[in-house]
Amino acid sequence: MRKTTNEDNFAAGRVKRGRAVLVGYGLDDSDGHVRYTRGAAFELYGGSDLAHVEMQKRALIIQEEIAKLGISLDGMTYEQFQMVQDIVERVSCE
């Protein structure tokens with residue numbers, strides 16, 4: 001008997017795929033406060049107050065840019081992934 005693989009389970013609908021999101025981690029937290037923000041296309045964890053606010057601003061810009069292009073992070077093509085990567089790089093340098 002053939003062993004069932006993850007791909008078999010996904011194809012048969014036995015495993016639910018998670019949602020695709022951009023993830024941001026802030027590593028400069030020094031006040032012990034736990035910060036977490038979740039958006040339609042992102043999840044942000046940690047960071048100082050200032051760093052977390054900056055991550056939020058950039059994540060919202062990226063989310064808006066992705067929406068303008070009509071791209072969904074779930075099931076995107078490689079070309080669409082490259083477009084999102086370009087947006088992330090541009091916004092990260094602002």
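A polar contact is a pair of N or O atoms within 3.5 Å, where, within protein, one atom must be able to donate a hydrogen and the other to accept it. In this predicted model, such a polar contact of 2.8 Å joins the side chains of Thr 37 and Gln 56. The protein around this pair holds 3 helices and 3 strands, and these elements follow one another along the sequence in the pattern α-β-β-β-α-α.

**Overall make-up**

- Of the 94 residues in the protein, 26% are buried.
- The protein exposes about 7000 Å² of surface, and carbon and sulfur atoms supply 54% of that area.

**The strands and how they pair**

- Strand β3 covers residues 42–46, and because 4 of its 5 residues are buried, this strand is largely enclosed by the rest of the structure.
- Strands β1 and β3 run parallel and are joined by 5 bridges, and within this pairing Tyr 25 has Tyr 45 in β3 as its bridge partner.
- Strands β2 and β3, in turn, pair in the antiparallel sense over 3 bridges, with Arg 38 standing opposite Glu 43 in β3.
- Strands β2 and β3 also form a hairpin, in which 3 residues lie between the two strands.

- Is Thr 37 buried or exposed? Its relative accessibility is 17%, and since buried means under 20% relative accessible area, Thr 37 counts as buried.
- When its neighbours within four places in sequence are left aside, Thr 37 is in contact with Phe 42, Glu 43, Leu 44, His 52 and Gln 56.
- One of these contacting residues, Gln 56, is also the residue whose side chain makes the polar contact of 2.8 Å with the side chain of Thr 37.

**Salt bridges**

- Side chains of opposite charge can pair when their charged atoms come close.
- In this protein, the count comes to 8 salt bridges, and the points that follow look at some of them.
- Asp 49 forms a salt bridge with Arg 35, and the closest N and O atoms of this pair are 3.9 Å apart.
- Asp 49 lies in helix α2, which covers residues 49–69, while Arg 35 lies in the loop between β1 (22–26) and β2 (36–38), so the pair ties together parts that are 14 residues apart in sequence.
- Because Arg 58 and Glu 54 are 4 residues apart in helix α2, about one helical turn separates them.
- Salt bridges that share partners also join Asp 29, Asp 31, Arg 35 and Asp 49 into one network.
- Glu 54 is partly exposed at a relative accessible area of 28%, Lys 57 is partly exposed at 46%, and Arg 58 is partly exposed at 26%.

- Which residues make the nonpolar surface patch of about 400 Å²? The patch is made by Val 23, Tyr 25 and Leu 27.
- Val 23 has its place in strand β1, and at 46% relative accessibility this residue counts as partly exposed.
- Tyr 25, another member of the patch, is the residue whose bridge partner in β3 is Tyr 45.

Conventions:
Residues numbered from 1 in each chain as written. Predicted model: local features only at pLDDT ≥ 70, side-chain atom pairs only at ≥ 80, totals over all residues. Heavy atoms only, no water. Salt bridge = Lys/Arg side-chain N within 4 Å of Asp/Glu carboxyl O. Buried < 20%, exposed > 50% of the residue type's maximum accessible area, 1.4 Å probe, protein only. Contact = heavy atoms within 4.5 Å. Areas by Shrake-Rupley, 256 points an atom, 1.4 Å probe, with all protein chains shown as cover. Pairing = 2+ DSSP bridges. Patch = residues over 30% accessible without salt bridge, like charges linked within 9 Å, V, L, I, M, F, W, Y side chains within 5 Å.
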